[in-house]
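Subject: Handover of a structure, with findings

Dear colleague,

Please find below the structure that I am handing over to you. My findings follow it, and I would be grateful if you read them with the model open.

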Amino acid sequence: MNTTDVTALLPGLLANAGLPGDPVRQPIRVWARSGVERLTFPGAASVVFKYAEAPFDREDRALEIAAAGGLPVPAIYAAHHAERLLGMLIEDLGEPVREADDPDGATAAVQIHRVASAPGLPHLGEPELAALPGKIARRLDRYGASEEARTAATALSRAAETRAQGAEVPPFGLVHSEFHPTSLHVTASGLRVLDLARAFTGPGLLDLASWQGTTATPDTDHTHALLSSYVRAGGPAEAVAARGGLDAASWALGWHRVWVAEWFTQQIGLGWAEGAEDKWMTVITRHVLDAAELLKV
């Protein structure tokens, strides 16, 4: 990311927000294509400066949709798009009082999925979900992936239409897509939902599968327990129902791993692996093999 372009966004954002033009900038988290800073002004007032390159440049829209739907998210003070780059000034929530736990995750997921319409964000219905394994298989062929990975991707492609059935059964609506404990900010007054840069309209079960991450072995028991907590917290009863010929936990975990693998293959095609292609291919292979086992193909 070009830091000069990022800095060039600041004066206009500060002016639009009615803020002084001389804040102290303190990085909070900075990645290759996005970053978060705290801006502190004389008198100790502060805001958060968040910036991101495409395709992470729709978060202002996602936050607007979420807020309109009653979801507790940080307020936007100013936002600007320039050359596929988004800059935002948003509410500084300070430090959380504790890490979010499973009950927090279940409660927040119910609130997220109640936002039924997300115009302007990507849509992942049953046909789009079923198309993901084919995209993975074609890319793995081009990238010279292992036979094991290509065989699993092909098997997923053949079964995709059947296994994707039920994708639009409730919960179906706004999906956070990177829903982890760090995506929730716990304050003394309640929860706020953060990091909606990759939000889309789709099956909410993918959020429940995302909660445990993908670095460890998929835990269907944990996901089933979270789904049950989600229903008790007010989520639709259909969340625990079988779909695609599978139990809800296996369906959610399997398709979430497909979704992650497809995203990683996209990134390799964009050149984002930057010399780490073999390492990324190992990650993709693990996700594809996990998905094939979970989706029983």
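In what follows, Ala, Val, Leu, Ile, Met, Phe, Trp, Tyr, Cys and Pro count as nonpolar, Asp, Glu, Lys and Arg as charged, and the others, Gly among them, as polar. Please note also that this is a predicted model.

The second largest pocket

By these classes, the lining of the second largest pocket has eight nonpolar, two polar and five charged residues. The lining comprises 15 residues, and those nearest the centre of the pocket are Pro122, Arg198, Trp259, Glu262 and Gln266. At least two lining residues come from helix 4 (126-143), and at least two come from helix 8. The volume of this pocket is about 350 Å³.

Helix 8 and its partners

Helix 8 also takes part in two helix contacts that I would ask you to examine. In the first, helix 7 (residues 220-232) and helix 8 (residues 248-269) have axes that come within 9 Å and cross at roughly 110°. Helix 7 is therefore roughly perpendicular to helix 8, as angles from 65 to 115 degrees are classed in this way. The crossing of the two is right-handed. On the side of helix 7, the contact is made by Thr220, Thr223, His224 and Leu227, and on the side of helix 8 by Ala248, Ala249, Ser250 and Leu253. Four of the residues in this contact are nonpolar and four are polar, while none is charged.

In the second, the axes of helix 8 and helix 9 come within 8 Å, with a crossing angle of roughly 155°. Helix 8 is therefore roughly antiparallel to helix 9, since that term applies to angles over 145 degrees. Here the crossing is left-handed. Among the residues that make the contact are Leu253, Val258, Ala261 and Phe264 of helix 8, together with Trp280, Ile284, Val288 and Ala291 of helix 9. By class, the contact of helix 8 with helix 9 has 13 nonpolar, five polar and three charged residues.

Helix 9 and helix 5

Helix 9 (residues 277-294) packs against helix 5 (residues 147-163) as well, at an angle of about 40° and with the axes 9 Å apart. Helix 5 is therefore oblique to helix 9. Their crossing is left-handed. Glu148, Ala149, Ala152, Ala153 and Leu156 of helix 5 meet Thr285, Val288, Leu289, Ala291 and Ala292 of helix 9. This contact of helix 5 with helix 9 consists of eight nonpolar residues, one polar residue and one charged residue.

Backbone details in the loops

Most residues other than glycine have a negative phi, and most peptide bonds are trans. Where does the backbone depart from this pattern? The peptide bond that joins Ala54 and Pro55 is cis, with omega about 10°. Pro55 sits in the loop between strand 3 (46-53) and helix 2 (59-68). A cis peptide bond also runs from Pro170 to Pro171, where omega is near 5°. Pro171 belongs to the loop between helix 5 and strand 6 (172-175). Arg84, a residue other than glycine, has a positive phi, near 60°. The loop that holds Arg84 lies between strand 4 (76-82) and strand 5 (85-91).

Yours sincerely,
A colleague

Notes: Residues numbered from 1 in each chain as written. Predicted model: local features only at pLDDT ≥ 70, side-chain atom pairs only at ≥ 80, totals over all residues. Heavy atoms only, no water. Axes fitted to C-alpha atoms, helices over the stretch in contact; angles between N-to-C directions. Helix = DSSP H or I, 4+ residues; strand = E, 2+ residues; numbered from the N terminus. Parallel < 35°, antiparallel > 145°, perpendicular 65-115°, else oblique. Left-handed = near helix turned anticlockwise from the far one by under 90°. Contact = heavy atoms within 4.5 Å. 1 Å grid on protein atoms, 1.4 Å probe; cavity = no way out; pocket = protein on both sides within 12 Å on 5 of 7 lines; lining within 4 Å. Points joined across faces, edges and corners; volume = space filled by probe spheres on them.
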